[in-house]
Amino acid sequence: MIGIIDYGMGNLFSVSKALERIGMPYIISESPEELNNTKGLLLPGVGAFKDAMTSLQEKKLDQFIHRYVDSGRPLLGICLGMQLLFEESEENGHFQGLGLLKGRIVRIPDRDVDGERLKVPHMGWNKLHFHQEAPVLHDMEEGFVYFVHSYYVDSIDEASLLASATYGVQVPAVVGHDNVFGMQFHPEKSSETGMQLLANFAKAMERSEEII
Amino acid sequence: MMTKRIIPCLDVKEGRVVKGIQFVELRDAGDPVELARVYDEQGADELVFLDISASVEGRKTMVDVVQAVASELAIPFTVGGGINALDDMKRILRAGADKVSLNTAAVNNPDLINEGAAFFGSQCIVIAIDAKYDAEIDTWRVYTHGGRTPTERNVIDWAKEAVERGAGEILLTSMDEDGSKKGFDIALTKAVGDAVSVPIIASGGAGNAQHFLDVFKDAEADAALAASIFHYKETGVGEVKQFLRNAGVNVR
């Protein structure tokens, strides 16, 4: 059972339908007690960083997420949900994130190194380049996935960079360290490649069996 | 490497696809979900559903269509038509659509763009502009009500205003080229693309794969939309993509 964290900041419908498609049971909840009865957590998110962090804090979900990760069970943040895993963001100010991974969230530059104009948001299908072996990338080819975002992770720890896409800068696309994972794109909207990534995350949950 | 998007557009009326689509091998030729699935299999990057229902009942049916599509397909899709208020956007997005497209309602009440972008984020708000060249003002004029009503607005200024208000993407239809099959309107698409910083979906005039190449190369469109050439199977999404790939364009 996967727990989808409902904190008012995501398109939960698409994520839950994607889990149904890969045959993975889930609950949608904002209650730490309920979410604690799961083998893996999914943190979706669309919207602004500050609003999302505020909402997590108000519902005491930030502390819960830390305890959950400390228990050794896997967490997957999607899109804004991935950005929240990092230390800080400069979206509309300066805000602290969950601090589970090292790096900061900054705006995508609107020029590439050659001075060519880049549209922001980075919207559409972009190709993944794998950097290292990881359970979520198991048995996969470097496919295309669907991105929609204006901010990205800068100064990431090389050790947590699992896959990237190129959009003027190197955009960390799949990140992970121990049992904390993030995907900057929307796997639930990324056709077969996205379904395979979600299925791999679900497989990574099997190791949670002995924990709960 | 970013790819150019190919987007089939489906007109949906009272929950059924209209416009004489000829997928003869399908048992139910008018089912939007089945057609969506066909386009998904062909490699469509995204879908647009345009609700052209005349009745309130038909509009309600659209929510069911959105739910059914969202349940079955894992590619992004946009819903437009009959969205006049924040509540309409909520209904459609909560049913599983990824973006809503606003046209006449946004021209009549531009604050709707700000409200939608503030509530759902810019990435959810597509502004559809129906554009027609006007020799008198020597630029393109914005039309509303399905192209029937000229407005006082010029397309470039309206596109800029829409983006400032929070639009995340522009769906730009050339009324001059629409249905012509002579190719997308390069000048219009380039002019709007140069004026704003968000992705442009070119629409109107697609007749063959070369037209897609032209609008991507010459007008730097981010995506191109077509209806009839796909519906009538004059070409397929896969064929267009293969042609583009051979010509050196990045596609999925």
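I began with a helix pair: the axes of helix 1 of chain A and helix 2 of chain B come within 8 Å of each other and cross at roughly 50°. That angle makes helix 1 of chain A oblique to helix 2 of chain B, because under 35 degrees counts as roughly parallel, over 145 as roughly antiparallel, 65 to 115 as roughly perpendicular and the rest as oblique. For the axes I used lines fitted to C-alpha atoms, for helices over the stretch in contact, with angles from 0 to 180 degrees between N-to-C directions. Helices (H or I, at least four residues) and strands (E, at least two) are DSSP runs, numbered from the N terminus.

A reminder to myself: this is a predicted model, where local features need pLDDT of at least 70 and side-chain atom pairs count only at pLDDT 80 or more, while totals for chains, interfaces and linings use all residues. Residues are numbered from 1 along each chain as its sequence is written, chains are lettered from A and ligands numbered from 1 in the order written, and side-chain values use heavy atoms, leaving out hydrogens and water.

**Helix 1 of chain A**

Which residues meet across the helix pair? I found Phe13(A), Lys17(A) and Arg21(A) of helix 1 in contact (heavy atoms within 4.5 Å) with Gln67(B), Ala70(B), Ser71(B) and Glu72(B) of helix 2 of chain B. The residues of this contact divide into 2 nonpolar, 2 polar and 3 charged; here Ala, Val, Leu, Ile, Met, Phe, Trp, Tyr, Cys and Pro count as nonpolar, Asp, Glu, Lys and Arg as charged, and the others, Gly among them, as polar. An α-helix has 3.6 residues a turn, so residues three or four places apart point the same way.

I then checked burial: 8 of the 10 residues in helix 1 of chain A are buried (under 20% relative accessible area, with exposed over 50% and partly exposed in between, for a 1.4 Å probe and protein chains only). Among them are Leu12(A), Val15(A) and Leu19(A). The packing partners of the buried residues include strand 1 (2-5) and helix 6 (191-204) of chain A, and helix 3 of chain B. Just after the helix, Gly23(A) has a positive phi of about 70°.

**Pocket and cavities**

On a 1 Å grid over the protein atoms alone, a cavity is a set of points where a 1.4 Å probe fits but cannot get out, and a pocket is an open set with protein on both sides within 12 Å along at least five of seven lines; lining residues have an atom within 4 Å of a point.

The largest pocket holds about 1300 Å³ of space. It has 48 lining residues, and those closest to its centre are Val46(A), Gly47(A), Phe120(B), Gly121(B) and Gln123(B). Helix 5 of chain B gives the largest share of the lining, 4 residues.

How many cavities of 30 Å³ or more does the whole structure have? My search found 2. The largest, of about 60 Å³, has Asp51(B), Arg59(B) and Met62(B) among its lining residues.

**Leu76(A)**

Last, I looked up Leu76(A), in strand 4 (residues 75-78) of chain A. Is Leu76(A) buried or exposed? It is buried, at a relative accessible area of 0%. Beyond its neighbours within four places in sequence, its contacts include Leu42(A), Phe181(A) and Phe201(A).

Technical notes. Points joined across faces, edges and corners; volume = space filled by probe spheres on them.
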